[in-house]
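Trainee: I have a model open and some labels to question. Could we go through them one at a time?

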Amino acid sequence: MAASSQNTVLVTGAGGRTGQIVFKKLKEKRDQYIARGLVRSEESKQKIGGADDVFIGDIKNAESIVPAVQGVDALVILTSAVPQMKPGFDPTKGGRPEFYFDEGAYPEQVDWIGQKNQIDAAKAAGVKHIVLVGSMGGTNPNHPLNSLGNGNILVWKRKAEEYLANSGVPYTIIRPGGLLDKDGGLRELIVGKDDELLGTETKTIPRADVAEVCVQALNYEETKFKAFDLASKPEGAGEPTKDFKALFSQITSRF
């Protein structure tokens, strides 16, 4: 394959649990992709190899992400605010743990301002496709996740999704259900819309399968200007998904 046929893909949040998997998958497909990562710190950079293809930047500071997006064909956004559990919770005593967000790491700053900055920078740099990983549950303002640390995380994620959908840049919005730290490639994947899957038994998905869908979404025109919910059947139920073109052809919704 000629070098010119490789697409340069930037993965932001590349030090995160799903971001690391996407970055690794892209690097394994060297004939198709030139992978770049964006992380927050030198520590995260070292965690994913520490090479020159990993940039350090703060998505809340628009200027700091500009170098990473120069010359990029596609952007995969995997940044997300992460709620922290307050210390002292004892599960043996019942009740629920309390959560908080670190200073400067609230969903409004990370999931809204930070994602808006990435979309703006990508658009200015001429990026041709943005894949954004959000979350199921955004149709319900009273979703329990919004109460974690009073962060309204799904509200801000959805605001960023809307901004992307109105940006004019070809986009794919992936909204996975509950993320599992299990092996990928072993399950039948299911796509849906408008949180309909949340009312079913199949509303979780391994991170590795979400990562594979991110990479596969870069290959198919069918995924552009589309948004979908993503979940999986339990291992052993159904046939593991191999034909991603067929999976993506089921998606009809633009948002």
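This is a predicted model: local features need pLDDT of at least 70, side-chain atom pairs count only at pLDDT 80 or more; totals for chains, interfaces and linings use all residues.

Trainee: Which residues of α5 are called buried?

Mentor: Buried means under 20% relative accessible area, exposed over 50%, and partly exposed in between, with a 1.4 Å probe and protein chains only. In α5 the buried residues include Ile153, Trp156, Ala160 and Leu164. The buried residues of α5 pack against α4, β7 and β8. Contact means heavy atoms within 4.5 Å.

Trainee: What about the span of α4?

Mentor: Helix α4 covers residues 107–124, 18 residues in total. Its reach is 24 Å, close to the 26 Å expected. Among its buried residues are Val110, Trp112, Gly114 and Ile119. The buried residues of α4 pack against β1, α3, β4, β7 and α5. After α4 comes Gly126, with a positive phi near 80°.

Trainee: What makes Asp194 and Asp195 worth a look?

Mentor: Most residues other than glycine have a negative phi. Asp194 has a positive phi, near 55°. Asp195 is not a glycine either, and its phi is positive, about 65°. Asp194 lies in the loop between β10 and β11, and Asp195 is found in that loop too.

Trainee: Why is Asp194 called partly exposed?

Mentor: Its relative accessibility is 44%, so Asp194 counts as partly exposed.

Trainee: And Asp195: buried or exposed?

Mentor: Asp195 is at 11%, so it counts as buried.

Trainee: How do you know which strands form the edges of the sheet?

Mentor: Two strands pair if DSSP finds at least two bridges between them. The open sheet has 8 strands in the order β3-β2-β1-β4-β7-β8-β12-β10, with mixed pairing. Strands β3 (54–56) and β10 (189–192) each pair on one side only, and they are the edge strands. The twist averages 20° from one strand to the next.

Trainee: What makes β2 and β3 a pair?

Mentor: They share 3 bridges and run parallel. Gly37 stands opposite Val54 in β3.

Trainee: Which strands pair with β12, and in which sense?

Mentor: Strand β8 joins β12 by 5 bridges, in parallel. Ile173 has Ala227 as its bridge partner in β12. Strand β10 pairs with β12 in the antiparallel sense over 4 bridges, and Leu189 stands opposite Ser232.

Trainee: Why is β12 called largely enclosed?

Mentor: 7 of its 7 residues are buried, so β12 is largely enclosed by the rest of the structure. In a regular strand the side chains alternate between the two faces of the sheet. Both faces of β12 are covered: Phe228 and Leu230 are among the buried residues on one side, Ala227 and Asp229 among those on the other.

Trainee: At what angle does α6 run to β7?

Mentor: About 165°. Axes are lines fitted to C-alpha atoms, for helices over the stretch in contact, and angles run from 0 to 180 degrees between N-to-C directions.

Note on methods. Residues are numbered from 1 along each chain as its sequence is written. Side-chain values use heavy atoms; hydrogens and water are left out. Helices (H or I, at least four residues) and strands (E, at least two) are DSSP runs, numbered from the N terminus. The expected span of a helix is 1.5 Å times one less than its number of residues.
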